[in-house]
Every structure is written in structure tokens, then in C-alpha cells.
Amino acid sequence: MTADVLDDTAASPQTHAFEADVAKLLQMMVHSVYSDKDVFLRELISNAADACEKLRYEAIAQPDLLGDDPAPRITITVDADARRLTIEDNGIGMTAADMAETLGTIARSGTKAFMDRIAAAQGGEGTQLIGQFGVGFYSAFMVAAKVDVISRRAGQNGAAMWSSDGLGTYSIGAVAAQDAPARGTRIVLHLLDDAADYAQAPRIEQMVRAQSGHVPVPITVKDKPDAEGTQVADGTALWTKSKSAITPEEYKDFYRSVAGQWDDPALTLHYRAEGRHEYSVLAFVPETRPFDLFDPDRKGRMKLYVRRVFITDEAELLPRYLRFVRGLVDSADLPLNMSREMIQDSPILAAIQKGLTGKVLGELEKTAKDDPAAYAKLWDTFGAVLKEGLYEDFERREALLRLARFKTTASGGEWRSLQDYVAAMKENQTAIYYATGSDLDRIASSPQLEGFRARGVEVLLLPDQVDSFWVRGAIDLDGKPFKSVTQGAADLSLIPLPEGADAPQAEPSDAVGAFLAFVKDTLGDAVSEVRASDRLTDSAVCLVASESGLDRQLEKLLANAGQLPAGAAPVLEVNPAHVQIAALAALPEGDELRADAAELLLDEARIVDGEPPRDPRAFASRLARLIARATMA
């Protein structure tokens, strides 16, 4: 950023290129075919209201910033003759440097990921994504050929003007005092030919009532520049009203504004806490997954107010595993003059966090009980994030286990609760069995599940990365521990087979036992053990972890992340009743195929487990010798 951008008194406007991500977003806006372009007004009004709220906060320490104009307001002026629409606020305002930083760059976390999704989407999907994301100031270019922003920072004399046609560059320069607001920001949209109806007062009034009637700043609409205005919204904060006075549409519009999304809320939580601490909550669980749900910083999007003064949207009001919740908390107890850093360490905020978290989890549990189908959709959308709490939040682990839902070997693709699982446990079954992996279908076809299926033992199928971590946290349900089907001995012999089912061969024959010893000698340190399996019924071999080792999937995740220098040697389990094993065990001791077979059995188990052979070239040579032997026979 050059020095002339920082100088509000620069004699002539200076032209600058947009940051690459801004240029990309503007390209999408300018060429958008999104049918519901009305979203732009909601976004600009939301920004204006935020500017007024920021001034209220700054004025706590500097009352002089309000001057003789203390009441916040937003004024929208239409000019049909000039085909212009103006949105003006008397909020905090911007300097030239603020404009370059705020309007020339994108700082919001996850925005680039959103744009990548837009670029990758095809046709209607792309336009729908635009509507589901709060595109902010840049949405103005969906309806405007040119946008001028004139602003004066509260408490300063100089004013500046930012201007752009959205085609790659913008200019910033000083503007005469008489041409700028006394304080705040004026945005002038020079409307496109096909957007001329946005210069009609009735249309704008209807849009304000429908989309922005909830903002905590009064909104006035003028039908021409020199006309008297008509107040369209009175500035009463929606969360201060009683629930009976709020329509579902008002809740929906407020949700879309505060969440920056264009879907509907799946759950709405509106209440006032009274007692030791008083605060109001208006929070929503989205219907669809926010685009930034898996941002590395995992920050929440709840806003904190103190007696209707916006304080910050960075306070940790909910644990990170509830970061999909959108909304706000308005505290009556926190001091207004406390810094944002001090607020985060406040015992009052800690009490709010605890109460709000309990309420959100309670609402989810109530939905799970009263409307299982609706809750199944919620879990399908946010279950992978909620399961982070099983790993992170020991205090609420029991409640989260009640909320958890799983696909299982017996669920037929539907979600099952752990309570359902425990109720269906088999005679002598002492553990809750699970299998982890990266893909649900691959997990379901794992050979390690065969013995469990044969006995009708249900197994949880866990495809999310976090699953490999929370199951290791000494978790149990009703005294039943969680146990991986790929770790340690299966101990399935204690669980009776279904009536009429044939019992698998329990012990290997002498020949098979001798062959297993040979395999271990041949493979050496590549495996920690070679043993007969009671978990295989159809497959010849599989790999499992030792009783004291890490689950196979967790070991892979840690190794890929560089947190394990090398995986521990696995256990190779062999199905003693398999025809392939019987044939190999019958080979003469001096037959060279026995050594190849030992190596091929390990590679076969690795391939089934989603891993490559240890030595692909050696694997190919052994396989070629085996094929040649078979054709000769």
C-alpha cells in the first residue's frame, strides 16, 4: 500500500489494482446470473448497522465522537431520474487508509475457499452458493455499474472517496468537506440498466421490511434526494422482543443477516437468562453446512453485545465443536468499558459460555427425542464437528454420547444411537465394537468385520478423522468400553453363533500351524505376530494392531502427519479354514513357492487394508512366478 493511499488530503484520486482474491470475487459479482439480487441491500444495510454499533462502542471511551448527533441512523435515498441508490449511515466512518484496507482486500477467513467452490460449481449450483454466502459490500456490483463510497471517520476533519466499476481497479482520493457526511459513510450505487427498479421507493421499502427490519438501527427511506424520509424500521433489536411478538419470517431474515447465509435455520434458540447473570440469546443452527466449517482456526461466529452495544464477534461464546451455531448474546452484566481481551478472561463470560453450551446441547437433545428425522438431518450435516466434543469436552461427554449417531453394520444406512446399539448387544458381548477408516463403503467391506457379522454383532462404522481420536479417550457407555475390530484379539468365541450357523475352525491343523510359523520366520520384523484368526470367515488374511498398539487407522493418520516415525509392525491374522491357506500349508517344505506365498499373503492383507505392497517390484515378480506355476499345472 503506497503512502498516498494513507493521505486523506491527497490532491487527486490515486488508482490501485484490487487484491487478487477481490478481483476474482468481483468478477463473480459483475457476471452473476443469480436471480435474487435483492441480497445486496441486506448486505449494505448490515454493514451500515455494524458501523453504527462500532461507533457506539468507541464512544464509551470517547463520548466526543458522537458530537451533537448521538442517535444512530441509516438513510436510503432513491433517485429514479439519475438511476441512483444511496445508503448512508452516521456510524464510525472510514479514512482513506481504512478504505484501502477494507474495500481493497478480503480479510474474512474462508472467503477464498468459498470462491473456489463457486468457481468449481456448475450452472445453478454456483448461483445458489452465491446466495448462501454473505457476499458483503461486493454484492453491490450485481446491480451497479459503478460504486462510490464517501466517508468521514468519526472525530476527524478529512473525508475520502473510494470509487470503482468493479472491473479490476479502484481509486481513492480526498473529497471536499461539504460533499461528505459529517460522520459515517455514504455508498452511492449507479445502477445498471436492468436494475433500474431498485431506484423505486416502494421496492426498497418492501425489501427493507422483508430483510432488514430487525437491525438495531432505525432505517429511513427517501423517495427523492430532497424529500422527507419515511421510517421503515424503528431500530428495535429483534432479540429484545418477546418470542410471541416475532414471526417466523422475522427470525429467518435475522438469521440470514447474522449468519451470512441464505438458507433457513434448522433450529432457533431465543431466550433470556435471569438470576446471577442476565443475558439474552438469539442463536440458530443452520440448515446447511457453512462453507468455513472446517477452517483450521475453527472459530465460532457468535456475536457478543453488552446492553445492545456490539462488542466483538471473536469472543469464544461456545466451544469449537459448536462453531456452526450462528447468532448473538447480549449481556446485561459485562462492563462496557472492559477491553475485548479482558472480556475473554471474565468469569461472567465463562458463566455465559457454560449456560449457552448447555442450552444448545439441550435443544439438540430435545430435537433428537421429539423429531428423530429432523435430528438425523442435523447430525448428517454437523455430526463430524459435534464428535470433536467427545475428544475435547470431558465435562459434557455423556451428553454428547447421547447425541451421537452412527452408521453401523446393522443399520441399513440409517443413523443409530448408542442407546440403540447397547440395547441390541449379543449375549456375552462386553464391548462396543467399532471400525475406523476414511471411507464408509471401504470400512463396511473390511475383512476384519467378517467374524462379527457371522455372529450378528453390530459394529460402528466410523469414517471421520476425529473418530480415531475420541474412541481412545477411555470412553465407555454404561460400563461398556469401545473396542476396535482392528486391534488386539477379537475374543469372538465367547459370543454364541446364530442358531443353525456352522462354527468356524477354532484351531489350525498341525500343517497350518507349521505353515504359520514358517510365514513368521520368513516375514521377520515386518510383522509382530502371525496367528490364526477367529474374526475371518471368508477372507484368507487381514492385518490388525496388537493389543497395546495404536488402532490401524489412527496409526496411519499420525504417520501421515509426521507424528510417528514409522508404524509399529502389525499382526498378520490368517484364516485357518480358508482353502487357499490349506493349499499353501500342503506345499512341500523345500518348495520355493512357500517363501513367495508368505510375502504375497502380507501384501494381500496390505492391499485389502488400503496400503500398497511393501515392495511393488518384488510383489510383481512373485505374482509372475505364481501365475507361471499355475499355468504349468
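Me: Why is D264 called partly exposed?
Reply: The relative accessible area of D264 is 26%. Buried means under 20%, exposed over 50%, and partly exposed in between, computed with a 1.4 Å probe on protein chains only; D264 is therefore partly exposed, at 26%. The model is a predicted one, in which local features need pLDDT of at least 70 and side-chain atom pairs count only at pLDDT 80 or more, while totals for chains, interfaces and linings use all residues. Residues are numbered from 1 along each chain as its sequence is written, and side-chain values use heavy atoms, with hydrogens and water left out.

Me: What makes R256 and D264 a salt bridge?
Reply: Their closest N and O atoms are 2.9 Å apart. The criterion is a side-chain nitrogen of Lys or Arg within 4 Å of a carboxyl oxygen of Asp or Glu, so the pair R256 and D264 qualifies. R256 is buried, with a relative accessible area of 15%. Through salt bridges that share partners, E249, K252, R256 and D264 are joined into one network.

Me: Why is the pair E205 and R209 called a salt bridge?
Reply: The closest N and O atoms of E205 and R209 are 3.7 Å apart, so the pair meets the criterion. Both residues belong to helix α6 (residues 201–211), where they are four residues apart, or about one helical turn. Helices are DSSP runs of H or I with at least four residues, strands are runs of E with at least two, and both are numbered from the N terminus. E205 is buried at 19%, whereas R209 is partly exposed at 48%.

Me: What does the salt bridge between E88 and R186 tie together?
Reply: The side chains of E88 and R186 meet at 2.8 Å, N to O. E88 lies in strand β3 (residues 84–89) and R186 in strand β7 (residues 184–191), so the pair ties together parts that are 98 residues apart in sequence. E88 has a relative accessible area of 25% and is partly exposed.

Me: How many salt bridges does a search of the whole structure find?
Reply: The search finds 36 salt bridges.

Me: How many disulfides does a search of the whole structure find?
Reply: A disulfide requires a pair of cysteine sulfur atoms within 2.5 Å, and the search finds zero. C52 is buried at 2% relative accessibility, and C542 is buried at 2%.
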